[in-house]
Amino acid sequence: MEKIKEMMNSLGYEELVNIKKDLDINQGNLIKDIIKQRINDIESNDNSICVVCGRALNPHVTDHYTLVFGPSDLRKKANFCALDCLQYFLSQIKHAKIIRE
Ligand SMILES: [Zn+2]
């Protein structure tokens, strides 16, 4: 929340009044939309390539696979262009685990 405080300090009077109006009258719907859009942008930019072959993925086409793993506070996401790449990734993890154990 410290960053939000800093961000608020950088805003001008008019912007702050508009934000307060949105929160009071509009239940913060405009702010929610801005945040949702920003999250979508980050997620689609961070995961726009297949982690195995490096092929670019179109976020609007749903024929690719996403693997979500790790603890909830350190969630990792990996995208794959096809089942072959996902299988290859899993076999590499399995192989690496066998070597470590
Ligand atoms: Zn791939």
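1. Let me start with C50, which is buried, at a relative accessible area of 1%.

2. A word on the model: it is predicted, so local features need pLDDT of at least 70 and side-chain atom pairs count only at pLDDT 80 or more, while totals for chains, interfaces and linings use all residues. Residues are numbered from 1 along each chain as its sequence is written, and side-chain values use heavy atoms, with hydrogens and water left out.

3. Now the metal site. The SG atoms of C50, C53, C81 and C85 coordinate the zinc ion at 2.3 to 2.4 Å; donors are N, O and S atoms within 2.8 Å of the metal (3.2 Å for Na, K and Ca), and water is not among the atoms, so sites may look incomplete. Along the sequence, the donor residues follow the spacing C-x2-C-x27-C-x3-C. The site is tetrahedral, with angles of 103 to 117 degrees among its four donor atoms (four donors count as tetrahedral if all angles lie between 85 and 135 degrees).

4. Q27 sits in the loop between α2 (13-25) and α3 (29-46), helices being DSSP runs of H or I with at least four residues, numbered from the N terminus. With 56% relative accessibility, Q27 is exposed.

5. Finally, I4 belongs to helix α1 (residues 2-10) and is partly exposed, at 40% relative accessible area.

Technical notes:
Helix = DSSP H or I, 4+ residues; strand = E, 2+ residues; numbered from the N terminus. Buried < 20%, exposed > 50% of the residue type's maximum accessible area, 1.4 Å probe, protein only. Tetrahedral: all angles 85-135°; square planar, octahedral: opposite > 155°, others 65-115°.
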